[in-house]
Amino acid sequence: MSINRRDWLKTAFLGSAGLTLSPLEFFAKETPNFNLLKKDNETIRLCFNENPFGTSPKALEAMQNSLRFSSLYDFKFADILCEKLAEINQTKKENILVSAGSSFLLELITKYVSINKGHFIIPDPSFTIFEPIAEFLGMSKSVIPLNDKKKIDLEKMKSSIQKDTKLIYICNPNNPTGDLLSRQEIENFIKSIPNNIIVLVDEAYIEFTTQKSLSDLVDVYKNLIITRTFSKLYGFAGARLGYAIGNPKLIVELKKLQSWSGAEISVTTMAGAIAGMEDKEFISKVLDNNQKVKDFTISEFSKRGIKTIPSSANFIYFSLENYKGEYFKKLKDAKILGGKTYEQKGKWTRISLGTMEQMQKYFEVVF
């Protein structure tokens, strides 16, 4: 049975810590055991597509050193961060908008396009965390199922455009399927639709591919905006950092909806991100291990007759149609946090990729 994202998030809070304590109880303890956050030897988190190798050692060192600036509004970190992000994405600082996680940017863009209400188009399933906000703000929607190959159906999205359509969302690679649309497919799509419709491309997992980001096209197509996150490759899911890339005029408009643009990001997070981007050794380690674990996981599913979708991310989308037993009960009994059902037809679900040891245990106890 499918559960909604909010309930799922609640049940998965802090792994086994969340099974016994509420968030407030956990942090209100006089001497909380913060080792539970990282070194829980029982619960395995394979539900949020987090980085199982943690955060870059260089980033952690920079974060620790930056704590002495916690009492200051230290703007130089934001300037350096935006300059570094612009350099990596082959664009200008004026094209960059930073925030405490890409989810907040999806929310911000949603608020911007909904000022005069209107219509938006989303694929399903996908990472549509902003959908309830858009509906609350009075927007109508068209939800477009994936095609028979589990790919985002751009043609059907195009045919769903209405006179008041303001936003089309594309997650690439898509979450939860891991499928990747090519640059050319997306660019051809952008060319084919009215330029007053914003095309929001969520590239949260693009670093796990060899495909070039669309970031170099934001000044070519003024209605294109891209969101990226530090939560996955860089291991900043708890530190919270994301950024958007768009043409300068659109970035300026979005900043008007913020009381103080970027001020929600801590000095500590910014210092860690600047250092983390320089830690090529850690980045290489994460990508290499992700590919090895992915190959192993797909092979193990194949041995068991479990259908999967080719993945360009750090998770696998698979069908429980041929699974014998109560999959989610086995997960719970084994203290593995492992997702939900996304499509009832075919019983499609997702598993995040952990370490090799974690995935070996996953197959031992669940299959």
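I count two strands as paired if DSSP finds at least two bridges between them. Helices (H or I, at least four residues) and strands (E, at least two) are DSSP runs, numbered from the N terminus.

**Entry 1: ground rules.** I am working on a predicted model, where local features need pLDDT of at least 70, side-chain atom pairs count only at pLDDT 80 or more, and totals for chains, interfaces and linings use all residues. Residues are numbered from 1 along each chain as its sequence is written, and side-chain values use heavy atoms, with hydrogens and water left out.

**Entry 2: the sheet.** I looked up the strand order. Seven strands form an open sheet, running β2-β8-β7-β6-β5-β3-β4. The pairing is mixed. Neighbouring strands are turned by 20° against each other on average, direction ignored. For angles I use axes, lines fitted to C-alpha atoms (for helices over the stretch in contact), and values run from 0 to 180 degrees between N-to-C directions.

**Entry 3: a helix on the sheet.** Helix α10 (residues 248–255) packs on the sheet and touches β2, β6 (198–202), β7 (224–229) and β8 (242–245). Contact means heavy atoms within 4.5 Å. The direction of α10 makes about 30° with that of β2.

**Entry 4: β3 and β4.** I checked strand β3 (residues 119–124) next. β3 pairs with β4 in the parallel sense, over six bridges. His119 has Ser140 in β4 as its bridge partner, and Asp124 stands opposite Pro145. Five of the six residues of β3 are buried, so the strand is largely enclosed by the rest of the structure. Buried means under 20% relative accessible area, exposed over 50%, partly exposed in between (1.4 Å probe, protein chains only).

**Entry 5: α4 against α11.** Helix α4 (residues 57–66) packs on helix α11 (residues 267–278) at about 145°, with the axes 7 Å apart. On the α4 side I noted Lys58, Ala59, Ala62, Met63 and Ser66. Their counterparts in α11 include Val267, Ala271 and Ala275. The contact residues divide into six nonpolar, five polar and one charged. Here Ala, Val, Leu, Ile, Met, Phe, Trp, Tyr, Cys and Pro count as nonpolar, Asp, Glu, Lys and Arg as charged, and the others, Gly among them, as polar.

**Entry 6: Asp179.** I located Asp179 in the loop between β5 (165–171) and α9 (183–192). Asp179 is buried, with a relative accessible area of 12%. Not counting residues up to four places away in sequence, Asp179 touches Lys150, Lys151, Ile152, Asn172, Pro173, Asn174 and Pro310.
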